[in-house]
Amino acid sequence: MNAETPFHSADTRIANGLSVDVEDWFQVGAFENVIKRSEWDGLRTRVESNIDRILDLFAEAGVQATFFTLGWVARRHPAMIRRIADAGHEVASHGYDHARVFNFDRKAFADDIRLARDILEDCSGRRVAGYRAPSFSIDPRSSWAFTELAEQGYTYSSSVAPIAHDHYGWPEAPRFAFRPVATSDLVEIPVTTAILGGRRVAAGGGGFFRVLPYGFSRWAIRQVNHRDERPAVFYFHPWEIDPDQPRVAGAPLRSKLRHYTGLDKMAGKLSDLVHEFRWTRMDEIAAREALRAVDFQASHAGATKRIEVPA
């Protein structure tokens, strides 16, 4: 580890980025073609009780995290947002209503992130500096979104999954921090991938954490911390610790498998994770990783301007 890497204190473990994508059970991508947004207000929310359980776990483990929150959720649960902020966690933006970035034009995206940020700042009483695209939906089709984020004064984004996936992904992107706008200090902090058999594999949480044995995540985070000497970025959703949530009868079988598998084991695995590794907020990760961020920009047409970066 070189002397410039400011991740170590008396605790010599690298501090990893812990994040929660705050959305309710009916707002997920798996059900977006089954549950209409116009129906959301008629459904019973479960997000607040799940967030309270998460806050209790984080307090018991002595960790701080970033809560990337939908503006829609914050508008309906302002006291919950204030509790998150008052507990020392970062409140950041997940957009307003979980619309994927590549389905926006630039004006609609600008309006979406401005509205969400205004709501979150009003509820939390803190400045919102970070953004995560719903479903990691910034890719070569929507790389213009980075320019809008920079112009609106965001400090960092964590919106890229540098893998190939059927729902999202930008496999050409760097695995670690990069600057997506040449004229801006905006930093992108991709969700974690590991190297297995010479290939990148998703290892940053979500459904992969629920479905795969806990040992896989332990191995992946240790690889990133020890071999790459970088922080891992982990995420999960409040509904993932809620095995009693309603079942969506009309959803495709594949969507049900993705959404419901492993819910009963998630809370226990999450407790193991937050106690085994060292964690911090994403704004702290972004500030430190900015020192090592590489330049990487993509044209709006999808052609990527590359520099040599490690696998």
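I'll start with helix H5, whose buried residues pack against H4, S4, strand S5 (156-157) and strand S7 (187-188). Those buried residues of H5 are Trp144, Ala145, Phe146, Glu148 and Leu149. Before going on: this is a predicted model.

H5 covers residues 144-151. Just after H5, Gly153 takes a positive phi of about 90°. I'll come back to positive phi values at the end.

Arg106 pairs with Glu151, and their closest N and O atoms are 2.8 Å apart. Arg106 belongs to helix H4 and Glu151 to helix H5, so this pair ties together parts that are 45 residues apart in sequence. Are these two side chains buried or exposed? Arg106 is partly exposed, at a relative accessible area of 29%. Glu151 counts as exposed, at 58% relative accessibility.

Now the helix pairs. H4 spans residues 106-124, and its axis comes within 8 Å of the axis of helix H3, residues 78-86. At what angle do the two cross? The crossing is at roughly 70°. H3 and H4 are therefore roughly perpendicular to each other, since 65 to 115 degrees is the range for that label. The crossing of H3 past H4 is right-handed.

Which residues make the contact? From H3 there are Pro78, Ile81, Arg82 and Ala85, and they meet Leu120, Cys123 and Ser124 in H4. By class, this contact of H3 with H4 has five nonpolar residues, one polar and one charged.

H3 has another partner in H1. The axes of H1 and H3 come within 10 Å and cross at roughly 10°. H1 and H3 are therefore roughly parallel to each other, the limit for that being under 35 degrees. On the H1 side, the contact is made by Val47, Glu48, Ile51, Asp52 and Leu55; on the H3 side, by Met80, Arg83 and Ile84. Sorted by class, the contact of H1 with H3 has five nonpolar residues, no polar ones and three charged.

What links Glu48, Asp52 and Arg83? The answer is a network of salt bridges. Glu48 and Asp52 are among the H1 residues of that contact, and Arg83 is among those of H3.

That brings me to salt bridges in general. Side chains of opposite charge can pair when their charged atoms come close. How many salt bridges does a search of the whole structure find? It finds 24. I have already shown Arg106 with Glu151, and I'll show two further pairs.

One is Arg46 with Asp242, where the side chains meet at 2.5 Å, N to O. The pair links distant parts of the chain, 196 residues apart. Arg46 sits in the loop between strand S1 (15-22) and helix H1 (47-61), while Asp242 sits in the loop between strand S10 (233-236) and helix H8 (253-260). Arg46 is buried, with a relative accessible area of 15%. Asp242 also counts as buried, at 5% relative accessibility.

The other is Arg230 with Glu289, with closest N and O atoms 2.7 Å apart. Arg230 lies in the loop between helix H7 (214-227) and S10, and Glu289 lies in helix H10 (residues 282-289), so the pair ties together parts that are 59 residues apart in sequence. Why do both partners count as buried? Arg230 counts as buried because its relative accessibility is 11%, and Glu289 because its relative accessible area is 2%; the cut-off is under 20%.

Last, the backbone. Most residues other than glycine have a negative phi. Gly153 was a glycine with a positive value, but there are also non-glycine cases to look at.

His98 has a positive phi of about 70° although it is not a glycine. Where is His98? It lies in the loop between strand S3 (90-93) and H4. At 6% relative accessibility, His98 counts as buried.

Phe136 likewise is not a glycine, yet has a positive phi, of about 50°. Phe136 is found in the loop between strand S4 (130-131) and H5, which takes us back to the helix I began with. Phe136 is buried, with a relative accessible area of 4%.

That is what I have; questions are welcome.

Key
Residues numbered from 1 in each chain as written. Predicted model: local features only at pLDDT ≥ 70, side-chain atom pairs only at ≥ 80, totals over all residues. Heavy atoms only, no water. Axes fitted to C-alpha atoms, helices over the stretch in contact; angles between N-to-C directions. Helix = DSSP H or I, 4+ residues; strand = E, 2+ residues; numbered from the N terminus. Parallel < 35°, antiparallel > 145°, perpendicular 65-115°, else oblique. Left-handed = near helix turned anticlockwise from the far one by under 90°. Contact = heavy atoms within 4.5 Å. Nonpolar A, V, L, I, M, F, W, Y, C, P; charged D, E, K, R; others polar. Salt bridge = Lys/Arg side-chain N within 4 Å of Asp/Glu carboxyl O. Buried < 20%, exposed > 50% of the residue type's maximum accessible area, 1.4 Å probe, protein only.
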